Amino acid sequence: MTELSSGADTSALTATTALELLRQLALDVRWTWNHAADPLWSRIEPELWARTHNPWVVLQTVSAHRLGELLVEPEFRAQVEHLASARQAASTSPAWFQQNPASGELTRVAYFSMEFMLSEALPIYAGGLGNVAGDQLKAASDLGVPIVGVGLLYQQGYFRQVIAADGSQQALFPYNDPGQLPVRPLRTPEGQWLRLQIQLPGYSLWLRVWEATVGRLRLYLLDSNDIANYPAHRGITSELYGGGPELRLQQELVLGIGGWRLLEAIAQVPEVCHLNEGHAAFVILERARSFMHASGQPFATALAITRAGNVFTTHTAVPAGFDCFAPQLIERYLGKYGAEQLHLPLHELLALGRRDARDDSEPFNMAWLAMRGSATVNGVSRLHGMISRRIFLPLFPRWSVLEVPIGYVTNGVHTPSWDSPAADELWTGACGKHRWLGELQATEAQLRAVPAGRIWQCRAAGRADLITYARERLSRQLDASGATPEQVEAARHIFRPEVLTLGFARRFATYKRPNLLLSDPERLVRLLTHPQRPVQLILAGKAHPADAPGQALVGEWVRFIRRHDVRPHAMFLADYDMLLTEQLVHGVDVWINTPRRPWEACGTSGMKVLVNGGLNLSELDGWWAEGYSPDVGWALGDGREHDDDPAWDEREAQQLYELLENRIVPEFYERDAEGIPQAWVARVRESMARLTPAYSANRSVRQYVEQCYLPAAARYRERAQNGGRQGEQIANWLAALEYNWPQVRFGRVDVESREGRHFFSAAVYLGALRPQSVRVELYAEPPADQLRQDESPEGESPEASKPLRLEMLRQSDGAESGEYRYAASVPASRAATDYTARIIPAYPGVQVPLEAAYVLWQR
């Protein structure tokens, strides 16, 4: 971009330069969280800006005459210059990462995701997965973390929702005109549009590359809609989460294989690849292939080296959520690639995505491939980490579920993208303008010092703005669906800004139980229409076009809301999107979430209300299982799993009504002499102060950097140096383990108890393996009183499960070769029978059991 100092003479900025700077401002989605330029876009095209909040559309749509009038105004050009200078400073000034002493140890992370939620102006997202990806990119930009995003540009994206006259959901798939999206073609130094090629059965597939600017970062999007492609292949990137298994496989090949080739083509090869769910797992194969080509190493060595730099985040709470493909489909699309590029026979390629390599009928599981090709694996909340250990346990047979190598980094949201103008003003006054750009230790105490009246004023402003927006959106929705003029007009006056406002908005699926609040309609009506303490309810959400039960839930709510006695107190806003989400989280007083535990891996919608002073009423699932305490919100359930139990659903429905009737509604309306609900505001203040920083993407991205990216980059560099010599040694060790492990066995294990300790000794036979290749341990499950259901209520692995290493005493002199003696002692605070000896692999720098899942237990 043209660099200008803030003190430059206004007259030096020509209209042509100002127009180019406007284009750069409009193409940087930093405007989704930095609103300094909002008055500028509103001035250019007020009505279009109010409807879309899309600067690029405003700039593409405005007439040349109108734009010309503005560009000749010195004041307008000065405003453009100031905004461009501020953007330049924000993009180049040292940030948290650059000030981190370890920053030199990481040059680049590539973040692969099927979807990114950055703005409604770029509709390439469906829900939570994209929300996490987009918010992490934005926070990484704020913090200066060197991440590059890799995704797909969909011609249609996810479906748009319309509610028909009969209350049913209709799905529409409007075309995304790239010319109206804040992206531009990525061009080579010679000015050509960068196009990549991958091989599909019978045809080459050409992929165009687009570039989106996210503050100081870049997101690259691959697009198959190239005129040179076979007609059926042009639609590979047409629709997000649409079509059948073959289309999904094609998309994931584009993301993984095409994504890595893109990074090589633009010379941005990373040390770390972050796989946001298993969709991107084919990058594991292509990264290994690239290392093979560069070093001459075989696939096993290349995988041992490159997996050290791969981070896999799983978002799935049930095994059925993983993408699995028929072996025949994998053979068709990857058989030749595996044989010619990876030098792998088909059965070895398929084994990477199977639990049992010998089962020819087992599908190819992308999550299994991601696990086997990564050296860091995490869930997205503390509870989900525990659930994931259970899900992935089949890959670690005979290991304790506590030792399945999956940690967790709880998701967070990019607070500047979700705060209302009133909340931003409150936080700025309390914590400063740059509060989300570094460490957050001071914010909690600063927010707690805000007076109750100031917090209540912020809440009132957010609620009033939401009601104004909801009235306008509902009236347009009704008008479009054929409602009477009287109904459309009534919608413009629905709701009152001083009434307790509840929000429920998310994907409509049976496991999310969106009808829990509707289980007793008449009781809900009484709650909504109470003469002294009324309640108003805003709902939104989509059901997947193929999910008939979810669509039925949408229809059930729509029909309820159309009742004459309900219509003034509740509304269903169609086409739940990012713009609607922003407005909802700005203004609702209570955010309701009712998933069936433990199906909500994390859930981020409730996090978005925190910065705005909204409170959560949620199932003890996902992030709320670790975030909840009685002084910050309300909890449903007992923190245990009850599967699909109608009786338990009814019990939780009763609990939901009772919380609303007896605690939430009374507390909201209990006012002091100044009209402030002091108990309510105290809860709001504690929630804002404690939970907002803890569940921000600022925290989660810093956690990824420190716990995942930096260690992964160090491991990868160590294994890759000297042509991959260490990786070759590891691959040879793994091959020796596979060949010799059947010879490993226990001899006699003795235990003697005296002087308050248990003394263990064990004879071990290692065959051809050297003692340095194994570790002999004593293992004991944690005591029963340290565990509740599912190991621990929040999903942590108890420290008591850590094994004790036995030290080798000597190699026996007996006739039988390969016998070694090991011994250790433990305090006699537990029975000797609680301990079991075992043998596991051991090699410097190798993570066991993630990279070597062998284990032999004493019989």
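Two strands are taken to pair if DSSP finds at least two bridges between them, and in this predicted model strand E27 (residues 836–841) and E28 meet that condition, pairing in the antiparallel sense over two bridges. Within this pairing, Arg838 stands opposite Trp857 in E28. The two strands belong to an open sheet of four, which runs in the order E24-E23-E27-E28 with antiparallel pairing. Its edges are formed by strand E24 (804–805) and strand E28 (856–857), each of which pairs on one side only.

Not counting residues up to four places away in sequence, Gln477 touches Phe572, Leu573 and Ala574.

The nonpolar residues were then considered as connected sets. In soluble globular proteins, nonpolar side chains tend to be buried together. In the present model the largest nonpolar core has 128 residues, and those with the most contacts inside it are Phe282, Phe392 and Tyr709. The largest share of this core, eleven residues, is supplied by helix H27 (residues 697–740). When neighbours within four places in sequence are left aside, Tyr709 is in contact with Leu106, Val109, Tyr111, Ile147, Val272, His274, Val311 and Tyr704. A second, separate core consists of 60 residues, among them Ile163, Leu517, Ala570 and Phe668.

Aromatic rings were also compared in pairs. A pair of aromatic rings is described by the distance of the centres and the angle of the planes. The count comes to 28 aromatic pairs. In one of them, the rings of Tyr203 and Tyr230 have their centres 4.1 Å apart and their planes at 15°, so the pair is stacked. This pair links distant parts of the chain, since Tyr203 lies in strand E7 and Tyr230 in the loop between strand E8 (217–223) and helix H8 (245–265), 27 residues apart. Tyr203 counts as partly exposed because its relative accessibility is 37%, and Tyr230, at 35%, is likewise classed as partly exposed. The rings of Phe322 and Trp368, by contrast, have their centres 5.9 Å apart and their planes at 55°, so that pair is tilted. Phe322 lies in the loop between strand E10 (310–313) and strand E11 (324–325), whereas Trp368 lies in helix H13 (residues 366–372), and the pair therefore ties together parts that are 46 residues apart in sequence. With a relative accessibility of 7%, Phe322 counts as buried, and Trp368 counts as buried at 8%. Elsewhere, Trp456, Trp634, Phe668, Tyr669 and Trp680 form one aromatic cluster.

Charged side chains were found over aromatic rings as well. The charged end of Arg195 sits over the ring of Trp206, 4.5 Å from its centre, while Arg830 lies over the face of Tyr835, at 5.9 Å from the ring centre.

Methods: Residues numbered from 1 in each chain as written. Predicted model: local features only at pLDDT ≥ 70, side-chain atom pairs only at ≥ 80, totals over all residues. Heavy atoms only, no water. Phe/Tyr/Trp six-rings, centres within 6.5 Å; stacked < 30°, edge-to-face > 60°. Buried < 20%, exposed > 50% of the residue type's maximum accessible area, 1.4 Å probe, protein only. Lys NZ or Arg CZ within 6 Å of the ring centre and 35° of its normal. Contact = heavy atoms within 4.5 Å. Core = buried A, V, L, I, M, F, W, Y, C linked by side-chain atoms within 4.5 Å.
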